[in-house]
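Hi everyone, thanks for coming along.

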Amino acid sequence: MKALNLYGKQDARYEEVELPVIENDDDVLIKVQIAGICGSDISRFGKIGSYNPGLTWGHEFSGIISAVGKSVSLLKESDRVIVCPCFPCNQCEFCQQGSFSKCTHLQVLGGHKKGAFAEYIKVPSANVIKIPATMDFETASFVEPSSVVVHGYNQINIKAGHRVAVVGCGTIGLLAVQWAKVFGAYEVHAFDTDDRKLDIARLTGADHTFNVSEEAFLQKFMALTNNGGVEVVVESSGSTAGIANALSLAKKGGCVLLLGIPYGDVALPRENFEKIIRNELTLSGSWNSISTPFPGSEWQTSLKYMNNGMIVVKPLITQRITLQQAPALFPKLYSREVFFIKVLMKIA
């Protein structure tokens, strides 16, 4: 079969690899239909980080089961599915508490185990989730990032009537805009440096948008909140500037939910850092998409709200490619040479 393997910094190869086969009784073999390119995939392409050279990477995907191990009873051949890409150790103190996202030895598809940028993938049945017959494979490939957002909101005390600011309008940020309304937000403000992303934010439910490249964006925002800020800020850019801005947008006593992953050191201006202290802010970090019972309610919640149309993903798809076209596109994504939010690979 064909797969996309990463050997080193910016060294991605489309090549022939061995087809996985059922080895364990709980194995499930899946023919991949759609695989999404995550921001972490792009970072791994350029920087590697925690990675096994030559590994097939990718973890956001949907597919059809082609074979199952003999102990698998709830899944069968031809089932349409998605996969939770996380593998907690089930041995450490956090796993024993059911806090799988804090697992000391957590492994993931595409980082430690062969991932989804391939025609077929083999995973344990515990990680496999059936999708509704009415859900298409493209939409289903977004369930993993959606579950990341739901997991984050589950960490904080968001209430009906709260106002929410979302900093960074990539895939996670645009899903956070929508989930804020589901969680009861009265008003959602979206922030980014790119007007094209802000256009999509408005299309997907943001009430007000702000380009942070404009000098007066903070004054405009404060005028809308009576100079008070908002109860919840979701930081999804992972950038130093984004984190600094997030601290300035929160109301006194408010919460800043950190979803964005920084790929470098973060140094904050003193006046922004002091917002935490002087405004008695709560900073809440959120990692991954899993909880107990594994893989967590985040997954079924995402499936339900995406299937009934309350969470939409089609406006987030900016490009569709084949697996074979991916090696040529990744350098352009990494250098931000092309505009993108979510790039989907049609594999089947």
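**Strand 3 and its neighbours**

Let's begin with a pairing: strand 3 and strand 18, residues 342–346, run antiparallel and are joined by four bridges. If you want one spot to look for, find alanine 35, which sits opposite methionine 345 in strand 18. Before I go further, please keep in mind that this is a predicted model.

Strand 3 has other partners too. Strand 5, residues 60–68, is antiparallel to strand 3, and eight bridges link the two. Here you can pick out glycine 36, whose bridge partner in strand 5 is glutamate 60. Then there is strand 9, residues 120–124, again antiparallel to strand 3, this time with five bridges. On that side, leucine 29 has lysine 122 of strand 9 as its bridge partner.

Strand 1, residues 2–8, pairs with strand 4 over two bridges, in the antiparallel sense. To find the place by eye, look for asparagine 5, which stands opposite threonine 56 in strand 4.

Let's turn to the helices. Helix 8 covers residues 240–249, and seven of its 10 residues are buried, which leaves the helix mostly covered. Among the buried ones are Gly242, Ile243, Ala244 and Leu247.

When we describe two packed helices, we give the angle between their axes and the distance between the axes. For helix 8 and helix 9, residues 270–278, the angle is about 45 degrees and the axes are 9 Å apart. Because of that angle, helix 8 counts as oblique to helix 9. The crossing of helix 8 past helix 9 is left-handed.

And which residues of helix 8 and helix 9 meet? From helix 8 they are Ala244, Asn245, Leu247 and Ser248, and from helix 9 Asn272, Phe273, Lys275 and Ile276. Sorted by type, the residues in this contact of helix 8 with helix 9 come out as four nonpolar, three polar and one charged.

How values were computed: Residues are numbered from 1 along each chain as its sequence is written. This is a predicted model: local features need pLDDT of at least 70, side-chain atom pairs count only at pLDDT 80 or more; totals for chains, interfaces and linings use all residues. Side-chain values use heavy atoms; hydrogens and water are left out. Buried means under 20% relative accessible area, exposed over 50%, partly exposed in between (1.4 Å probe, protein chains only). Axes are lines fitted to C-alpha atoms, for helices over the stretch in contact, and angles run from 0 to 180 degrees between N-to-C directions. Angles under 35 degrees count as roughly parallel, over 145 as roughly antiparallel, 65 to 115 as roughly perpendicular and the rest as oblique. A crossing is left-handed if the near helix is turned anticlockwise from the far one by less than a right angle, and right-handed if clockwise. Contact means heavy atoms within 4.5 Å. Ala, Val, Leu, Ile, Met, Phe, Trp, Tyr, Cys and Pro count as nonpolar, Asp, Glu, Lys and Arg as charged, and the others, Gly among them, as polar. Two strands pair if DSSP finds at least two bridges between them.
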